[in-house]
Amino acid sequence: MPAAAALPPIQEDPSAPVTPVPSRPASPRNPASPMDIARSPGGRSNASEMSLDPPPSPQGEAQPSELYDVPDGTLATWGYQINRRLEALVCISCKSVVTPTAAINHHHVHEEARVAVNQTVLEDIVRQGFVKPGWPSINPGDLEYEGLERKWGVKCPQCPAMYAYGQGVVKHVWKVHHERIVTQGLRTDWMQRLSQHDATHHGWLSCVPRSVQLTSPSANYLTALRKELDARPPIPAAERDHRHISPWHATTRWLEYIDGRDPQEMLNLIKPPEDGQPFFYLIACVRNYVERAYDLIATTSDVCLQILHTDTDTSDFNHQPFARHQAEGTLRAYERLVVQLLLFLLRAGQDMDLPPDVKAALQALRRGLQGDMDDAGQAIHQLLLTLWMREWTPTVDNLFPDPTVCFVIHTQVNQDGSLKKPESVTGIFAKLVYDMRLTFLYECHQRLSREDHPATLTQSAHDLRPWFTVGRESTFHSLKSLQHRASSITMSTQNEPNMVWKDGTNFSTLIYLGEELSLQALRECQGALEDATKTLLEDILLFGHHFPIDIAALQDDMGNKKAGYSLFADRRNQDVLGPTDQLADYILRTPALRKRFVIKIVDGKVIWNTVELSIWLAGFTRLNLLCLIQAEMNCGAPGRTTELTAMPTANTPAGMLRALRIIGEYIVLMRTYHKMRAASGLDRVIPHALNAALAAVFIYKEAICRPFAQLCVSVLFPGNQKVKSLYQDFLFVNYDRPFDGEDITKEMRVWTQAYLGIELGISKWRQCSTPFRRKHAGLEEMWLEDQDTVDSAQAGHSHSVDTTRYGVTNWSATGLAEDYIGPFLKTSVLWQKVLGLVPGGNRLSLEDAACVNFKPEPARLPIAAPAGLDVQAVVQAAVQAVRDELEPRLTAIEQRIQDTSASTKQELQGMFADLKTFLAGASVPGPMAGPSAQVQAPAPRLPRSPSPEDRTEGMYRDDLLPAPAPAHVAPIPRAQVPVPLPKPAPIPTEAEALDALREVLLKPEAKWSNEGQKLAVMAGLQWKQDLIVALPTGSGKSAIVATVAKLEKLKVTAVLCPLRSLLSDWKRRLTELQYPFEMFNKDDSIITGDFPIILVSLDATAGLAWTQAVASLKPGVEINRYVVDEAHLVVTEAGYRYIMERIKEVRTKPLQLVLLSATVPPISIPAFRTSFNLVAGEGTSIIRASSNRPELHFLLPRSHATLTTDVS
């Protein structure tokens, strides 16, 4: 074994002052060291009693050192030395003798140490006589044994025993010698002991110093009875109610296969054997075969691999070739399925109806397993080809003839006899398809070695192509078909709700898995994580020393793709970051730290204390883990585990770019989404902004801690190039390996259990954090499709080329368009603000970035104008500012369209002339005839809703009610266009309106069905107020809309339906009345404007298609009214339908809002005002009638005095 690594020589400085080293704080993860408390045979010491001050230590002795190592330095790498006189191993860290037997596992007493002792090498050291196998003996008064702990203690006056405190001697004398003494006058001396840990050898001796509860019978009875009652009767699948069978199980008919079979026996057929069991050798043989086939990918042409990766037997083929897996170890899961398939055939083949050639191949495999791996591998290959190169046709007697499909069914059986859901089988299908392609790849190469071989590998692939493409009866076709069905059902099936918002908490408390998760608890959890990370970094890893870094001054060359580059390797940052090995230099120049970390210096080279290095490196590992889970939990939407754990710390030689970057004022983690690489050949970059504190921790972790971690690794793993590369390439390293999902999940569970009361791993965190982000940190929809812009089209290329090849700024150097990366960073920042963390975009010091310094943004509330403020003048100034800003921009745009065609130029010039006219006449908008959205004052407490007996008959207008403040702080203002308008047409009279109603109803003698219908029609025609029309069912609300729309010219009324059934009802009613209308389809995105009424789903109005359609109406036609039918649904369903909360944003220009409902009690009017952002005060008119249903009445039962009287 190589000797321990060393640094260049340094000079000892005996006169240097001793710098105190902060001790590691005791905690459940870091208990107090056994050396912190002196223990004695009499029991525990009194920690509150002060020990006696020892005299000065003797000066340096002339004797040679008693401690030495074996010639190759092996013991130093384990943290041991040999004491010559004792002929025993001494642990340098705890200063105790360790027997060879205990030395293997001794370092378990050091909490975070991960030193591994080679038992074979240690036994050889004992055989050579360097160390005696048992415990050595020491006597009182011996010369101090070097390497053992030495303390100043108190002697027993009657025996050699010694203690660290006088009270220990007093207790000892009373217990052992049965006498009472006092501490005054007791003799003191130096003392040593062999061990801190072994109970029989931890006594001090003087030395001469040198330098089940049983279940009741009734409970047993009930338990057995309940088990019998719960057992499902064996009903055949064909006799089960089809309504109790899921679509997946109905389409596969697998339930018929498992009928009458013992589920445990089915699982045993595919259970891999353990060492010593039959067929255990098969595992090694399959691994050898699959890996040989896997290695052939590297020596196969792209054309052959592309053919192998194509599912259809056509002239076209997949341009993405069949490829190796990205992660090491992934192939094991694929090998395991082949092992299980072969085990299934070997164990159950005799009971299956197999063709003769399959039986022969199976028998050849049995013989092959008795020989070497090559014979077994060839037998495996022939059996798989026999299975997968034939047609398996179902028959009446055998619905499942294909053994591979039967094997898949066995993998889907639960122990209770049920079948798993379709999402659990898609991965198995994908792995088996990959295994099939490996087998056919192996066969392509095998055929080239035969006499009648094809000319090329490509020809071999073409010959085998029918068996690995869909479209013919084969195993491959069956697996791909089942995989497609399983995926389709899984992706199209709505997951059942597994969480719910707690009522009355304003979406701040979520009930998940029966536990309440509050936003406040999430904030406390993230704050505690930040504090723990900062403490670990500053107090443990940096030893309380301040290493100044001006984070705001750091620079990053975003376009630098050179291997090895990162912001820490940028020469411009050298002065800001300081020397690379400044932490190691600080340790070596601080006597207390040097004493802790350095064993000795030989020929100017440092022999490091491997135990202390291991403990420090374990702390660095924990820092990495805490950073990982914070990146997962508070930097926006959580990512996949592979994105987190595989991020590179610098540009790699293989072309992957660094994960940690500076973009503007943001310090960003650039996750790379690898999942689609196999299908598309591309990765997707996903940026996440770090919060200010985590960003500062990352800078210190990489700039100061990582170089010392590399030094630790060079000492602890000398010659191990793989571990060395981890600390050069990976942003996060788990001591001697990369992190995996289980590491992150385990730590997340600890923190979430402590602060949230429930264990949340990666998967559960993704589930329960999504609703919180959606409600409290959601962004508007960003349309990020790759659409061409006018500018890029003018340049002769696409928007994608424009952003990736021209004018690449620091924002677009990430590989993303500038307008694409912003929303990602904003999402992270919004979530960090919700969690009470200082958000990203602030490059601050560790101290300034702490969460205690987070200041939430003040709420934006409507503010009344101060007395004496000229609001008119302020608004006029704002109008002038907008005009000054727009006019030069319009001039520039006008110049850019001069090269267009004459007709287009004339049309555009007319549009600009109109716009300029508007700007020239723009002034402070005065009162408008139509309604306009305003900020409304809070509503007072309203009286109860009237009972049916309180309501009056007939129609009436509600008194105007004070309007409540809107739920959203900034209501959407309705644009007002104060341009000169043509003289409005006169408002139709009541007689004209009645004539129009008769035409709508196709009844010449029709009359107003009620007073409310007439009032609503006339109010709609006047177009001065928003309307709430609360009329009972059957009172003609639909006719109101149709009549008003019929009387208006060049105006369109849009009827917004919150339910599909309402949309169908409107379509049916208008069709029956032969009334002209059109329906909006978001796939067409077109409104003709040729019909007075447009029917549209309320959900469709939230999309870009509706906005574009409204904006594209032909000139002269406009939508002037939105009608919401059954408007009460917007109030009652707002808690779980997102569109109901967005309804107030639909009205973006001056138009009338008409709400129709038969369910509007007076007490609900404030909620209507808030939900729809209705115009305050007299801007909203409420037309109401009694909603009593005369055809309904209550039958109250007559009371009976007695049953006897009733019967008589």
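**View 1. Trp1106 is a buried residue in a predicted model.** Its relative accessibility is 3%. Buried means under 20% relative accessible area, with exposed over 50% and partly exposed in between (1.4 Å probe, protein chains only). Phe1080 is also buried, at 10%. The ring centres of Phe1080 and Trp1106 lie 5.1 Å apart and the planes meet at 80°, so this pair is edge-to-face. Rings of Phe, Tyr and Trp (its six-membered ring) pair if their centres lie within 6.5 Å; planes under 30 degrees apart are stacked, over 60 edge-to-face, the rest tilted. Phe1080 sits in the loop between strands S21 (1077-1079) and S22 (1093-1097), and Trp1106 in helix H38 (residues 1104-1111), so the pair ties together parts 26 residues apart in sequence. Helices (H or I, at least four residues) and strands (E, at least two) are DSSP runs, numbered from the N terminus.

**View 2. Trp616 and Phe620 form a stacked pair.** Their centres are 5.8 Å apart, with 5° between the planes. Both lie in helix H22 (residues 610-634), four residues apart, about one turn of the helix. Trp616 is buried at 3%, and Phe620 at 0%.

**View 3. Ring pairs build a cluster.** Its members are Phe543, Phe597, Trp608, Trp616, Phe620, Phe708 and Tyr727. The structure holds 22 aromatic pairs.

**View 4. Arg261 lies over the face of Tyr257.** The distance to the ring centre is 4.1 Å. A charge sits over a ring if NZ of Lys or CZ of Arg is within 6 Å of the ring centre and within 35 degrees of the ring normal.

**Notes.** Residues are numbered from 1 along each chain as its sequence is written. In this predicted model, local features need pLDDT of at least 70, side-chain atom pairs count only at pLDDT 80 or more, and totals for chains, interfaces and linings use all residues, while side-chain values use heavy atoms, leaving out hydrogens and water.
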